[in-house]
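This report walks through one protein model, from its overall fold and confidence to its surface, its pocket and its charged contacts. Please keep the structure in view while reading.

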Amino acid sequence: MDLYIISKRLGHSDISTTSRVYSYLIDEYRTRSDNQIEKTLDIFVPKSSEKKTQIL
């Protein structure tokens, strides 16, 4: 969900307030999203390419 939309829905004057107050949730969501992306990429990236990916 877009942080701007959340900010307006909560009645915050700007997104910096929302970001500051709810940063722990944003970090948790980012971690979950990163994990989901990694799981999805594991399906498509052959194991032999794993070492090359880690270098990048």
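A salt bridge is taken here as a side-chain nitrogen of Lys or Arg within 4 Å of a carboxyl oxygen of Asp or Glu. The model is a predicted one, and by this rule the count comes to 2 salt bridges. In one of them the side chains of Arg32 and Glu28 meet, with a nitrogen-to-oxygen distance of 3.6 Å. Both residues belong to helix H3, where Arg32 and Glu28 stand 4 residues apart, about one turn of the helix. Arg32 is exposed, its relative accessible area being 51%, whereas Glu28, with a relative accessible area of 41%, is partly exposed.

The side chains of Arg30 and Asp27 also form a salt bridge, at 3.2 Å from N to O. Because Arg30 and Asp27 are 3 residues apart in helix H3, about one helical turn separates them. Arg30 counts as partly exposed at 47% relative accessibility, and Asp27 likewise counts as partly exposed, at 40%.

## Fold and confidence

The protein chain contains 4 helices and 0 strands, so that its elements, read from the N terminus on, run α-α-α-α. Of the 56 residues in the protein chain, buried residues make up 7%. The accessible surface of the protein chain comes to about 5300 Å², and carbon and sulfur atoms account for 58% of this surface.

The average pLDDT of the protein chain is 82, and 80% of the residues score at least 70. Confidence is highest in H1, at 91, and lowest in helix H4 (residues 50-55), where the mean is 57. Where pLDDT is low, the predicted coordinates should not be read in detail.

## A nonpolar surface patch

Which residues make the nonpolar surface patch of about 980 Å²? The patch is made by Met1, Tyr4, Ile5, Ile6, Leu10, Ile15, Val21, Tyr22, Tyr24 and Leu25. Helix H1 (3-10), helix H2 (15-21) and helix H3 (23-44) each supply at least two residues of the patch, with the largest share, 4 residues, coming from H1.

Tyr22, one of the patch residues, is placed in the loop between H2 and H3. With a relative accessible area of 30%, Tyr22 is partly exposed, since that class covers values between the 20% limit for buried residues and the 50% limit for exposed ones.

## The largest pocket

Rolling a probe the size of a water molecule over the atoms shows where empty space is left. In this model, the largest pocket holds about 260 Å³ of space. The elements that give two or more residues to the lining of this pocket are H1 and H3, and the largest share of the lining, 4 residues, comes from H3.

The residues lining the largest pocket are Met1, Leu3, Ile6, Thr18, Tyr22, Leu25, Ile26, Tyr29 and Arg30. Several features described above come together here: Met1, Ile6, Tyr22 and Leu25 are among the lining residues and are also among the residues of the nonpolar patch. Arg30, another residue of the lining, is the salt-bridge partner of Asp27.

Terms used: Residues numbered from 1 in each chain as written. Heavy atoms only, no water. Patch = residues over 30% accessible without salt bridge, like charges linked within 9 Å, V, L, I, M, F, W, Y side chains within 5 Å. Areas by Shrake-Rupley, 256 points an atom, 1.4 Å probe, with all protein chains shown as cover. Buried < 20%, exposed > 50% of the residue type's maximum accessible area, 1.4 Å probe, protein only. pLDDT = per-residue confidence, 0-100. 1 Å grid on protein atoms, 1.4 Å probe; cavity = no way out; pocket = protein on both sides within 12 Å on 5 of 7 lines; lining within 4 Å. Points joined across faces, edges and corners; volume = space filled by probe spheres on them.
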